[in-house]
Amino acid sequence: LDLINNLHRAVEKEEFVLYYQPQVNSLTGEVVGLEALIRWESPEMGIISPAEFIPLAEETGLIIAIGDWVLKAACTQNKAWQNLGYASLPVSVNISALQFQESSFVDKVVKVLKDTELDPRWLHLEITESIAIKDTELTIDILNRLKDIGLKIALDDFGTGFSSLGYLKKFKINVLKIDSSFIRDIGEEDATITKTIIVLGKSLNMEVIAEGVETKEQFNYLKEVGCDKVQGYLFSRPVPPAEIEKMLYIA
Ligand code: G
Ligand code: G
Ligand code: MN
Ligand code: NA
């Protein structure tokens, strides 16, 4: 209960910050995108991981207000980097199922892009399979509207849901993010799933990003099997904006 009260106050006082983790082109090593990951800076408790408070935010509905804050903060930051003269990069924002299904979600995205003057191509939205398989007709409609706006959709934690793959063709998904659990298997158990997801994604004209890349061995394997992009501690942990700026290029 204490945590809930604190989280309410955190929303009011905007005690959140966004960290960013680079996404790297496997062939050139260039930073080609950033994922925004929220942190709660609590005056009493210090920095709290989203793994701890996002589930609570979803249960209490606070995720809507938090999600609104994240979208606004990520777009504002990305526009600020462009204004500072850094080469433009897409920033990926994680979207909860509750947020995605809110009737005003698409309108909110449009408004944030307008208010921050960020070109839609520099915003990517990460959704999970659980969103993709729910309420198919509604999901298709929302994804089509988002696509019409001009932003890209990434399917996060890909391979961990229990769904038919048929939706991949129906939905306008631009990017597949291979779940880190499969990357962990590379060099230990079996890399077949990773390799297969890469082939699948490419044959459906999607970009493929491997998440949770921690070792050179994993990275080498991913390059070998043609994974376009990689993200993980091998390249950088999620870090505050000032740290990310050291990794950005001048336009
Ligand atoms: O950054 P970290 O590994 O601690 O994130 C833990 C979990 O919290 C991940 O599943 C991540 O997707 C989720 N998460 C991080 N930032 C956000 C956010 O802004 N919105 C939502 N809905 N989830 C987030
Ligand atoms: O659910 P989502 O994929 O958005 O969650 C991303 C989470 O994975 C973030 O909490 C981020 O901090 C974490 N993460 C990013 N890179 C690595 C990594 O190389 N290893 C591990 N264990 N976690 C990672
Ligand atoms: Mn993600
Ligand atoms: Na993920």
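**Two ligand shells and the fold around them**

Biologist: Which elements each supply at least two residues of the shell around ligand 1?

Modeller: Strand E2 (31–42) and helix H2 (50–60) do. Keep in mind that this is a predicted model.

Biologist: Which one gives the most to that shell?

Modeller: H2, with 3 residues.

Biologist: And which residues surround ligand 1?

Modeller: Leu-37 and Ile-38 are on the list, then Ser-49, Pro-50, Ala-51 and Ile-54. Val-70, Asn-94, Ser-96 and Pro-238 complete the shell.

Biologist: How does the ligand 1 shell split by class?

Modeller: The shell has 7 nonpolar and 3 polar residues. No charged residue is in the ligand 1 shell.

Biologist: What about ligand 2? How many residues surround it?

Modeller: 13 residues surround ligand 2. The closest are Gly-212, Glu-214, Gly-232, Tyr-233 and Pro-238.

Biologist: What does Leu-37 touch, leaving out residues up to four places away in sequence?

Modeller: Leu-37 touches Leu-18, Tyr-19, Gln-21, Pro-50 and Pro-238.

Biologist: Why does Leu-37 count as partly exposed?

Modeller: Because Leu-37 has 19 C-beta neighbours inside 10 Å. A residue needs 20 or more to be buried.

Biologist: How far is Leu-37 from Ala-74 in space?

Modeller: 9.5 Å, C-alpha to C-alpha. In sequence, Leu-37 and Ala-74 are 37 residues apart.

Biologist: Let's do strands. How many bridges join E1 to E2?

Modeller: 9 bridges, with E1 (residues 16–25) and E2 running antiparallel. One pair to look at is Phe-16, whose bridge partner in E2 is Trp-40.

Biologist: What lies between E1 and E2?

Modeller: 5 residues, and the two strands form a hairpin. Gly-29 in the turn has a positive phi of about 80 degrees.

Biologist: In what sense do E1 and E9 pair?

Modeller: Antiparallel, over 2 bridges, with E9 covering residues 229–230. Asn-25 has Lys-229 as its bridge partner in E9.

Biologist: Where is Asp-157 found?

Modeller: In strand E6 (residues 152–158). Asp-157 counts as partly exposed because it has 17 C-beta neighbours inside 10 Å.

Biologist: What about the phi of Asn-205?

Modeller: Asn-205 is at about 65 degrees, positive, and it is not a glycine. Asn-205 is in the loop between helix H10 (192–203) and strand E8 (207–210).

Biologist: Is Asn-205 buried or exposed?

Modeller: Exposed, because Asn-205 has 8 C-beta neighbours inside 10 Å.

Biologist: Now Ile-131. Buried or exposed?

Modeller: Ile-131 is buried, because 24 other C-beta atoms lie within 10 Å. Ile-131 is in helix H6 (residues 129–133).

Biologist: What is Ile-131 in contact with, beyond its neighbours within four places in sequence?

Modeller: Ala-97, Phe-100 and Thr-139.

Biologist: Zoom out. How many helices and strands are there?

Modeller: The protein has 12 helices and 9 strands. The C-alpha trace spans about 50 × 45 × 40 Å along its principal axes.

Biologist: What does the radius of gyration say?

Modeller: The protein has 18 Å. A compact globule with 251 residues would be near 18 Å, so the value agrees.

Biologist: How much of the protein is buried?

Modeller: Buried residues make up 36% of the 251 residues. As for contacts with a separation of 6 or more, 66% are between residues 24 or more positions apart.

Biologist: Last one. What pLDDT does the protein average?

Modeller: 94, with 99% of the residues scoring at least 70. The model scores ipTM 0.97 and pTM 0.97.

Definitions and conventions: Residues numbered from 1 in each chain as written. Chains lettered and ligands numbered in written order. Predicted model: local features only at pLDDT ≥ 70, side-chain atom pairs only at ≥ 80, totals over all residues. Helix = DSSP H or I, 4+ residues; strand = E, 2+ residues; numbered from the N terminus. Rg over C-alpha atoms; globule rule 2.2 N^0.38 Å. Buried ≥ 20, exposed ≤ 12 C-beta atoms within 10 Å, placed from the backbone. Contact = placed C-beta atoms within 7 Å. Near = placed C-beta within 6 Å. Nonpolar A, V, L, I, M, F, W, Y, C, P; charged D, E, K, R; others polar. Pairing = 2+ DSSP bridges. pLDDT = per-residue confidence, 0-100.
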